[in-house]
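Reader: I would like to go through this structure in questions and answers. Please give the cut-off behind each term when it comes up.

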Amino acid sequence: FLASFVHKKFKGRREYETTTTHTMMMTTTMTTTRTPSSAFASKKAVKSSSLSGSFATKSLPSRSFSNSSSSITIGGNAFFANESLTQRRQRRAGGRRTQSSKLIVHASDKTPPETFQAAVATSEKKANADVFSTFALSFTAGALIGFGGLFLTTVGGSSPALAAANPGLSNLVKGLFGLPFGLTMVILTGAELFTGNVFVMLSGLLSKKVTRAQVMKNWLVSYAGNFAGSMFLAYMAYVAMTSAANPAPAIAIATMKATTLPVTVAFVRGVLCNWLVCLAVWGTMASTSVAGKILAIFWPITAFVTMGFEHSIANMFLIPHGMLYGADVSVSQMLLGNILPVTLGNMVGAAAFVAGVHYLAYGRNK
């Protein structure tokens with residue numbers, strides 16, 4: 001009897017000491033925050049601990065816990081007093097969102113020197129493109145700019161009451177709705193626009209990254225493709241009868257540009273226009289986001305349309321579009337009176353005030 005009594009007492013004492021030892025081991029690994037360790041490390045810590053069996057089958061004495069502690073962490077998993085399973089899942093989900101939010105990387109925009117070098121790199125890609133690809137992308141660019149011109153004619157050009165009451169606001173409406181849309185589509189689709197290519201290819205030529213033959217090839221193919229795309233859209237818009245109900249704005253725009261605008265004025269307006277257009281292209285190269293590219297396009301293009309400057313590719317749509325509706329304009333008047341001087345002005349604006357100036361500032365010593 002005495003031996004049996006001693007054996008039972010000793011066995012109970014050993015179980016109590018084992019449980020207490022487990023409790024002490026667990027409390028020494030308790031933390032209030034979860035360290036940024038991997039899930040593999042957390043599982044390994046739990047597996048390596050001897051708590052996995054005894055903790056699941058035995059209850060711990062209440063005196064082994066401190067009343068001041070509100071949470072414990074076992075193997076990287078935090079447990080809160082009086083916390084339901086749903087609350088625990090919500091807390092863990094919130095923690096994961098916090099950790100993943102740190103992985104968001106915000107790419108910075110390019111500096112002006114970096115933007116110029118990006119233009120030079122783009123010129124090399126354009127120079128190595130085959131003729132068919134360049135023409136196809138140029139055709140779509142002409143059509144997209146034509147869509148912008150049609151948008152301009154449909155909204156701002158078709159508001160005679162606004163033009164009579166407030167000419168400044170009418171011009172602003174034309175600038176807001178039309179060509180910013182067209183150039184945005186050109187940039188986002190990677191299309192080839194001649195006026196922008198003048199700046200890009202000259203940047204590469206001045207930096208000795210492309211040859212004159214490559215520059216001329218790109219200019220000729222993109223110009224021809226732009227002309228074909230603009231003429232095509234003018235005809236499609238006419239067949240679709242987009243301005244049939246009110247053709248007066250389209251006729252007035254074509255007549256003014258081809259017959260009443262002096263050649264010198266057309267040239268200078270072309271210079272000022274493409275200065276701003278190429279700055280818009282510059283801004284799209286500087287920005288690393290779609291929203292930034294759209295904003296970079298918006299202000300310069302709105303400004304040049306509002307101030308009445310001349311863009312050769314847009315005029316390749318606007319003048320034929322008015323001619324199809326009956327504008328008294330001949331082909332020679334369109335080409336010699338507007339398209340040619342405006343094209344030359346566009347080239348000077350891009351060469352002197354964007355490619356040339358920025359080469360002197362950022363590319364001359366490279």
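Reader: What is the volume of the second largest pocket?

Author: This is a predicted model, in which local features need pLDDT of at least 70, side-chain atom pairs count only at pLDDT 80 or more, and totals for chains, interfaces and linings use all residues. Residues are numbered from 1 along each chain as its sequence is written, and side-chain values use heavy atoms, with hydrogens and water left out. On a 1 Å grid over the protein atoms alone, a pocket is an open set of points with protein on both sides within 12 Å along at least five of seven lines, whereas a cavity is a set where a 1.4 Å probe fits but cannot get out. With grid points joined across faces, edges and corners, and volume taken as the space filled by probe spheres set on the points, the second largest pocket has about 410 Å³.

Reader: Which element gives the most to the lining of the second largest pocket?

Author: Lining residues have an atom within 4 Å of a point, and the second largest pocket has 23 of them, with L152, K174, I253, M256 and K257 nearest its centre. Helices (H or I, at least four residues) and strands (E, at least two) are DSSP runs numbered from the N terminus. At least two lining residues come from each of α6 (131–155), α8 (167–176), α12 (248–260), α14 and α15 (312–324). The element that gives the most, with 5 residues, is α12.

Reader: How many residues in the lining of the second largest pocket are charged?

Author: Ala, Val, Leu, Ile, Met, Phe, Trp, Tyr, Cys and Pro count as nonpolar, Asp, Glu, Lys and Arg as charged, and the others, Gly among them, as polar. By these classes the lining has 12 nonpolar and 7 polar residues, and the charged ones number 4.

Reader: How much space lies in the largest cavity, and which elements give two or more residues to its lining?

Author: There are 2 cavities of 30 Å³ or more, and the largest holds about 60 Å³. Its lining consists of I145, L179, L183, L193, V277, I301, F304 and H311. By class that is 7 nonpolar, 1 polar and no charged residues. The elements that give two or more residues to this lining are α9 (179–189) and α14 (290–306).

Reader: Why do α10 and α11 count as roughly antiparallel?

Author: Axes are lines fitted to C-alpha atoms, for helices over the stretch in contact, and angles run from 0 to 180 degrees between N-to-C directions. Angles under 35 degrees count as roughly parallel, over 145 as roughly antiparallel, 65 to 115 as roughly perpendicular and the rest as oblique. Helix α10 (residues 194–206) and helix α11 (residues 212–239) have axes 10 Å apart. They are roughly antiparallel because angles over 145 count as such, and theirs is about 175 degrees.

Reader: Which residues of α11 make the contact with α10?

Author: Contact means heavy atoms within 4.5 Å. The contact divides into 8 nonpolar, 5 polar and 1 charged residues. On the α10 side are F194, N197, V198, M201, L202 and L205, and on the α11 side R212, Q214, V215, N218, W219, S222, Y223 and N226.

Reader: What is the relative accessibility of M241?

Author: M241 is placed in the loop between α11 and α12, and its phi is also positive, near 60 degrees. The residue counts as exposed, at 56%.

Reader: Which residues are in contact with S170, leaving aside its neighbours within four places in sequence?

Author: S170 lies in helix α8. With a relative accessibility of 2%, S170 counts as buried. Its contacts beyond those neighbours are G156, L162 and A163.

Reader: How far apart in space are K217 and D130, C-alpha to C-alpha?

Author: K217 lies in helix α11 and is partly exposed, at 30%. Leaving aside neighbours within four places in sequence, K217 is in contact with A127, A129 and V131. K217 and D130 are 87 residues apart in sequence, and their C-alpha atoms are apart by 9.9 Å.

Methods
Buried < 20%, exposed > 50% of the residue type's maximum accessible area, 1.4 Å probe, protein only.
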